[in-house]
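Please open the structure in your viewer and keep the selection tool at hand. The tour below moves from the whole chain to single residues, saying at each stop what to select and what is there.

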Amino acid sequence: MPTPARKVKSPPSKSRSKSRSRSRSRGRSTGKSSRSASKSPARTKSKSPSRTQSKSPSRASRTRERTTVVKKEIVVTPTRQSTRIADLVDHEKKVSLRSVEQLKTEVRNNMADKKEKGKSAPMTRVTEFGGPIGAVFITLSLPLVMYYINLACTKAKCSILELPKMPKNPWILFDMEATLLFFGWLAFQAVLALIPIGQVVDGQPLQSGKRLKYRCNGFFAFVASVIAFGICVYFDVPLVKMVHAKFYRIMTSAILFSFILSIFLYIKARTVAASQLAPGGNTGNVLYDFFIGHELNPRIGSFDLKFFCELRPGLIGWVILNFIFVLKAYQDTGAFPPALTLVVAFQTLYVADALWFEDAILTTMDIIHDGFGFMLVFGDLAWVPFLYCLQPRFLLDNDPKLAWYSLAGIALLNVFGYMTFRRANSQKNEFRKNPFHPSLADLESIPTSSGKRLLVGGLWGMCRKPNYLGDLMMALAWSLPCGLTLLPYFYPVYFAILLVHRERRDGAQCQKKYGSSWNRYCERVPYRIIPYVY
Ligand code: NDP
């Protein structure tokens, strides 16, 4: 479509097109000057030269130039120009409205910072996970559990009851190439996270009232990673074979890095303002705070370490590991084993969903309550990618050859679980972002003294954690294709324990936040996770 500037060939049109392009690229300042010019030229004449000239004469003269050009244009072709001016004013209005909003958030954040400065953080009185002793026990035992389970499930056998063959020399589980692969993956994900694609979303208000900003480009990172994997496979890059061969060694790198990052995070947390500490991770006990997370939202510049680790390297890494198992099965047998392919499809859907709805994580416990310490770092970077792929790893070595109707039943369970999980999470997330959203109009909620409301309608009226219920159904669907071998059921069993404990932790925190309103909510919704059962 020809632009007006291209249509008009006479000299004035040149200056016109110049003035337009400048006004677009320098929206805010131009907006101010053109508005003041049109409203009160006298004021612009008498005031701005003296003020702006002393600072930057060229800007002042440019402003005058533009004002004159706008005036001239009105004389030449009134109708087209008035439309243009209206466009310009409209555009500038939008820009300034946006900047007013940004300014408001900044002012609110600065005020919150000032208010919090100098305040000492409230000490954490109640500990979880068995306090410091429990924290040390979990920190040391989780890596051992990871090795035990993975080494117990090999091509030769997969049994939790038989002690796996542990390597005599543990250094065999470490090598430099694997470490470089792991760091290369982290760096690749960090670069993807920094690409300015995707919405920038406000987090939930912090205790100070401040809201952090998060760039949500997780789904883009997921797609880019899958494409990069496809390219590697197409060009037969040895990377793919190497990852399969060095599974345990990459896992070791992830475990070691989790310790290093958690130590760094703890030291970093000691240098930040008290208002940035996690409410649950400030006991003064080094070991406990290191485990639970001392700082709530550690950032390097605007790069949020918790937000990055929660959904990127670990979750996407899990999917890529799964793809490598499917590829290996294809290379070994010339076919895609149905059970393995189905489970990998389920898990890919789970990860893709988490990244598509990335901003929903901003209302979860991990982001709003838990600090970023060993518990989350290890879970995100080591536990999730290297243990959640246990069923696909088992199915690569053992194809149980299930009948189609068994697979169909399992698929149905997964679909049902996914729908429950997604609907519950979306409802809560939407409700937290905007309780008056039209899609929630028929959902009942109860007020609390904090101003927030609690959903008691729809899925959230059936049980207190419908999202956990859906998640558990999916966990079971991922293990059922493994048939009667027990070890691949580790995930649903562990996950059920985790979610039961998590529901109680969250319940205790909500009780603290909402007091009697929470009690009322619990009376209205007596079941915790499974309606009529638990
Ligand atoms: P929730 O998403 O349920 O978030 C808990 C918070 O939601 C509460 O602290 C409260 O925060 C708010 N809330 C609770 N009840 C209500 C209500 N009735 N109405 C409105 N708001 C309410 O829990 P999680 O953060 O634990 O889990 C998020 C998702 O992640 C779940 O689907 C879970 O299954 C999944 N998950 C998966 C894991 C995995 O390893 N695969 C591990 C852990 C979780 P507030 O009122 O302050 O807004």
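This is a predicted model: local features need pLDDT of at least 70, side-chain atom pairs count only at pLDDT 80 or more; totals for chains, interfaces and linings use all residues.

Residues are numbered from 1 along each chain as its sequence is written, and side-chain values use heavy atoms, with hydrogens and water left out.

The chain exposes about 28200 Å², of which carbon and sulfur atoms supply 65%; accessible areas come from the Shrake-Rupley method with a 1.4 Å probe, and for residues only the protein chains shown count as cover. Of the 534 residues in the chain, 48% are buried, where buried means under 20% relative accessible area, exposed over 50%, and partly exposed in between (1.4 Å probe, protein chains only). Among the contacts in the chain with a separation of 6 or more, 76% are between residues 24 or more positions apart, a contact being heavy atoms within 4.5 Å.

**The ligand and its shell**

Now select the ligand and the residues around it. There are 27 of these, and Arg432, Tyr468, Asp471, Arg502 and Tyr514 come nearest; a residue is near a molecule or strand if one of its heavy atoms lies within 4 Å of it. For Lys452, an N or O atom of the side chain is 3.0 Å from an oxygen atom of the ligand, and for Lys465 the corresponding separation is 2.8 Å. The protein covers 92% of the 920 Å² of accessible area that the ligand has on its own. Colour the elements that give two or more residues to this shell, which are α16, α19 (404–433), β6 (453–455), α21 and α22; the largest share, 8 residues, comes from α22.

Is Lys465 buried or exposed? Lys465 counts as buried because its relative accessibility is 10%. Its side chain makes a polar contact with the side chain of Asp506 (2.6 Å); a polar contact is a pair of N or O atoms within 3.5 Å, and within protein one must be able to donate a hydrogen and the other to accept it, with residues adjacent in sequence counting only if both atoms are side-chain atoms. Leaving out residues up to four places away in sequence, Lys465 touches Glu503, Asp506, Arg528 and Ile529.

**Salt bridges**

Two of those partners, Arg528 and Glu503, form a salt bridge, the closest N and O atoms being 3.0 Å apart; the term stands for a side-chain nitrogen of Lys or Arg within 4 Å of a carboxyl oxygen of Asp or Glu. Arg528 lies in the segment after α23 (516–524) and Glu503 in helix α22 (residues 490–514), so the pair ties together parts 25 residues apart in sequence. Glu503 counts as buried at 2% relative accessibility, whereas Arg528, at 22%, counts as partly exposed.

The structure holds 18 salt bridges. Select Lys213 and Asp202 for another of them, with the closest N and O atoms 2.6 Å apart; Lys213 is in strand β2 (residues 213–216) and Asp202 in strand β1 (residues 199–202), 11 residues apart. Then select Asp175, Glu177, Lys246 and Arg249, which are linked in a network of salt bridges.

**Two last stops**

Select Phe357 in the loop between α15 (338–356) and α16 (365–368). Leaving aside its neighbours within four places in sequence, Phe357 is in contact with Arg422 and Ser426, and its relative accessibility of 29% makes it partly exposed.

Finish with Tyr234, found in helix α9 (residues 218–234) and exposed at 68% relative accessibility. Together with Val223, Ile227, Ile231 and Phe235, Tyr234 makes a nonpolar surface patch of about 560 Å²; patches are made of residues with over 30% relative accessible area and no salt bridge, like charges being joined within 9 Å and nonpolar side chains (Val, Leu, Ile, Met, Phe, Trp, Tyr) within 5 Å.

Terms used:
Helices (H or I, at least four residues) and strands (E, at least two) are DSSP runs, numbered from the N terminus.
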